[in-house]
Amino acid sequence: MVKIQFTTKQFKRMKNSSFLTFLLAAWMLCFTLISCDKDDPWAGTYISEYTNFGMGKAHTYITNDRDGNPVEIGIILDKAAFDNFTELSGDDELSIDFPEEAGKTPFKHQYIGFAAHGHEPVGIYDVPHFDLHYYTSSQAERMGISPFDTIQAANMPGPDYFPAAYFPTGLVPQMGVHWIDGTAPELAGASFTETFIWGSFNGKVTFLEPMITKKFIEENHSFETTLKQPSKYDQPGKYYPTKHGFDHDDEKGEYRFYLSGFVLR
């Protein structure tokens with residue numbers, strides 16, 4: 001707070017008219033300084049609460065521009081959390097809501113899981129990796145998906161709501177139906193390093209999911225690639241990402257996974 005003070009002697013010297021002028025000028029000065037010091041509520045990075053994950057912490061975030069439009073959204077793991085995960089650590093998972101300032105995107109919460117020995121299909125994704133689901137549904141909706149929800153799982157959005165060459169696989173409880181890129185290199189015999197999956201449930205696109213091996217992160221430290229896009233979006237008027245990647249900040253000891261390049265659809 002800006003304080004303007006004057007002594008009793010100075011006060012007595014002031015005539016009424018000059019005193020009023022002084023107060024007006026002082027008020028305008030205070031207002032200007034306070035306004036300049038106040039952060040722009042529609043610009044900057046907003047974060048969730050720090051949450052225990054592995055042996056460390058994690059939090060979600062959204063960065064908006066000065067018009068309140070999304071620039072980048074994602075999750076950050078500290079070094080203790082990232083280093084904890086190995087083939088010996090076992091599997092772990094975490095769900096965190098995105099800050100409310102992410103409302104111009106379709107995303108409501110982040111699910112991150114570490115698969116210490118990967119998962120099926122054997123010989124493709126059975127290596128230690130992170131699964132990062134950016135959900136357009138709430139945590140309660142996701143957790144309510146059961147293995148018996150076969151009718152809702154079979155209610156799939158049309159192919160225009162997914163990039164070309166994507167095809168659905170089976171229902172995963174508490175996640176949804178996963179759609180895989182049929183042109184992904186790992187499906188043609190290459191070693192799996194990173195890939196991008198889409199998800200659906202009950203007629204809606206419900207998540208976007210980068211899958212990235214821990215080895216690939218450790219070897220590259222930073223990575224960004226362009227996302228394949230569908231021809232339709234089931235939440236028109238929202239901002240959708242065109243890129244995904246990760247970055248390692250040695251000085252801060254942080255591992256950042258993100259979606260960026262947002263476009264209004």
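Buried means under 20% relative accessible area, exposed means over 50%, and partly exposed lies in between, using a 1.4 Å probe and protein chains only. Gln 174, for instance, counts as partly exposed at 33% relative accessibility. This is a predicted model, in which local features need pLDDT of at least 70 and side-chain atom pairs count only at pLDDT 80 or more, while totals for chains, interfaces and linings use all residues. Residues are numbered from 1 along each chain as its sequence is written, and side-chain values use heavy atoms, with hydrogens and water left out.

**Strand β7 and its cover**

- Helices (H or I, at least four residues) and strands (E, at least two) are DSSP runs, numbered from the N terminus.
- Strand β7 spans residues 129-135 and is mostly covered, with 7 of its 7 residues buried.
- In a regular strand, side chains alternate between the two faces of the sheet.
- In β7, His 129, Asp 131, His 133 and Tyr 135 point one way, while Phe 130, Leu 132 and Tyr 134 point the other way.
- Both groups are made up of buried residues.

**Neighbours of β7**

- Two strands pair if DSSP finds at least two bridges between them.
- Strand β6 (residues 109-115) pairs with β7 in the antiparallel sense over 7 bridges.
- Within that pairing, His 129 of β7 is the bridge partner of Ala 115.
- Strand β11 (residues 204-213) also pairs with β7 in the antiparallel sense, over 5 bridges.
- Here Tyr 134 stands opposite Leu 208 in β11.

**The loop between β6 and β7**

- Pro 121 lies in the loop between β6 and β7.
- The peptide bond joining Glu 120 and Pro 121 is cis, with omega at about 0 degrees.

**Positive phi in residues other than glycine**

- Ala 165 sits in the loop between α5 (150-154) and β8 (166-172).
- Phi of Ala 165 is positive, near 80 degrees, although the residue is not a glycine.
- Ala 165 is partly exposed, with a relative accessible area of 42%.
- Gln 174 is found in the loop between β8 and β9 (176-181).
- Gln 174 is not a glycine either, yet its phi is positive at about 60 degrees.

- Gly 144 belongs to the loop between α4 (139-143) and α5.
- Gly 144 counts as exposed, at 52% relative accessibility.
- Gly 144 and Pro 173 are 29 residues apart in sequence, and their C-alpha atoms are 8.3 Å apart in space.
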